[in-house]
Amino acid sequence: MAPMGIRLSPLGMAVFCLLGLGVLYHLYSGFLAGRFAFFMLSEPAAGGAEPPRGSAAAVDLRELLAVSVLAAVRGGEEVKRVREGNVLNEKAKGKTREGAEEKLTSGDLLSNRRMYHLLQAAFPGVQINSEERVDTADQDTVSWDRNIPEEIKQKIQPKEVPAESVTVWIDPLDATQEYTEDLRQYVTTMVCVAVNGKPVIGVIHKPFSAYTAWAMVDGGSNVKARSSYNEKTPRIIVSRSHAGKVEQVARQTFGNKTVIIPAGGAGYKVLALLDVAEKNQEEADVYIHVTYIKKWDICAGNAVLRALGGHMTTLTGEEISYTGSDGNEGGLIASINMNHRALIEKLPDLEETSHKLD
Ligand SMILES: Nc1ncnc2c1ncn2[C@@H]1O[C@H](COP(=O)(O)O)[C@@H](OP(=O)(O)O)[C@H]1O
Ligand SMILES: [Mg+2]
């Protein structure tokens with residue numbers, strides 16, 4: 001009932017109600033629109049609010065493997081392009097301890113730039129050690145499209161590790177000496193991922209035959225060991241341009257009739273121990289190196305061998321740690337599906353050998 005003296009007109013009531021509804025609708029739709037806009041805007045931010053992958057406390061090793069394969073392939077394209085263009089701009093960057101000239105070409109530098117920037121942009125929180133100097137101002141346009149190749153997805157599970165435990169080693173052009181001699185079969189590009197100094201992911205790519213081997217320890221691989229190895233009279237693969245006394249060491253260990261295969265590149269020599277269906281690849285049973293060598297030269301091969309159950313150690317059988325300094329002093333011996341310990345015990349004392357052979 002209406003209060004006394006006031007008559008409510010039904011029409012007025014209807015108009016009043018409609019106005020009220022309008023006001024409510026306006027307020028509420030504005031609120032909803034605001035919420036909707038916030039939701040839309042905050043969607044990428046929410047993704048971004050999670051720390052960008054690779055820069056935060058954790059990195060996924062499967063992603064790191066995918067980028068490492070891409071980096072090795074992209075770097076390899078530069079290596080091939082420069083070689084085919086025949087303008088290497090070859091120069092000497094120094095000498096090894098043994099006095100051999102260390103060469104540097106445009107192939108090394110352009111591959112390095114590509115590989116480094118690709119890995120660095122994808123994983124900004126990770127330590128990357130590269131054979132060549134990197135100009136950080138010198139950006140490269142290739143970025144990772146976040147695609148993980150189907151084969152890697154099928155074989156490898158995601159696995160996060162703290163970013164600060166990771167060291168990536170890049171060799172943008174292994175066998176530079178042979179590259180300058182146009183011995184293309186020896187040339188590789190390599191990426192290695194070490195976790196707490198242990199080599200865990202290895203990628204070895206042959207740019208001139210578009211062959212890529214990758215493996216992850218406790219993960220999987222696209223390459224395997226051969227079905228048999230000659231343990232009694234192994235064929236030994238050694239350096240052709242930084243040999244030192246390796247031939248004498250090999251003959252002293254395995255006899256004068258031992259077959260010694262001189263070859264370029266540490267990546268190539270590790271592949272020689274595996275089942276690599278590639279026509280420009282020789283096969284061997286053991287890889288021995290006696291001179292100083294850098295960690296970017298051997299880390300990827302070490303990871304691949306370890307993933308497949310093989311070994312790469314110093315000549316006295318110590319594991320090589322892939323953190324800190326970039327040099328490996330103790331030489332190396334690599335084998336797979338063999339008694340590695342027995343091989344080491346057979347080796348002569350290197351100090352003694354070098355006195356005897358001087
Ligand atoms: N005594 C030494 N000092 C420095 N680097 C060496 C070395 N012996 C081998 N290396 C490097 O290890 C890689 C494999 O060597 P080799 O082909 O002789 O087996 C080459 O890398 P790069 O070609 O990447 O420079 C080579 O330069
Ligand atoms: Mg190298």
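**Ligand 1 and the magnesium site**

Strand β6 makes the greatest contribution to the shell around ligand 1, giving three residues. The model is predicted. In total, 20 residues surround ligand 1. Among the closest are Ala175, Ser239 and His242. Gly265 and Lys269 also belong to this closest group.

Ligand 1 sits in the largest pocket. Two elements, β6 (166-174) and α7 (266-271), each give two or more residues to the shell around ligand 1.

Polar contacts to ligand 1 involve both side chains and backbone. A nitrogen atom of ligand 1 lies 2.7 Å from an N or O atom in the side chain of Glu98. Gly265 contributes through its backbone: one of its N or O atoms is 2.6 Å from an oxygen atom of ligand 1. At Asp297, a polar side-chain atom is placed 3.0 Å from an oxygen atom of ligand 1. Taken alone, ligand 1 exposes 550 Å², and the protein buries 96% of that area.

Asp297 also takes part in the metal site. The magnesium ion (ligand 2) has three protein donors: Asp171 (OD), Asp174 (OD) and Asp297 (OD). These donors lie 1.8 to 2.6 Å from the ion. Along the chain, the donors follow the spacing D-x2-D-x122-D. Asp171 and Asp174 are both buried.

Conventions:
Residues are numbered from 1 along each chain as its sequence is written. Chains are lettered from A and ligands numbered from 1 in the order in which they are written. This is a predicted model: local features need pLDDT of at least 70, side-chain atom pairs count only at pLDDT 80 or more; totals for chains, interfaces and linings use all residues. Side-chain values use heavy atoms; hydrogens and water are left out. Donors are N, O and S atoms within 2.8 Å of the metal (3.2 Å for Na, K and Ca); water is not among the atoms, so sites may look incomplete. Buried means under 20% relative accessible area, exposed over 50%, partly exposed in between (1.4 Å probe, protein chains only). A residue is near a molecule or strand if one of its heavy atoms lies within 4 Å of it. A polar contact is a pair of N or O atoms within 3.5 Å; within protein, one must be able to donate a hydrogen and the other to accept it, and residues adjacent in sequence count only if both atoms are side-chain atoms. Accessible areas come from the Shrake-Rupley method with a 1.4 Å probe; for residues, only the protein chains shown count as cover. On a 1 Å grid over the protein atoms alone, a cavity is a set of points where a 1.4 Å probe fits but cannot get out, and a pocket is an open set with protein on both sides within 12 Å along at least five of seven lines; lining residues have an atom within 4 Å of a point. A molecule sits in a cavity or pocket if more than half of its atoms lie within 2 Å of its grid points. Helices (H or I, at least four residues) and strands (E, at least two) are DSSP runs, numbered from the N terminus.
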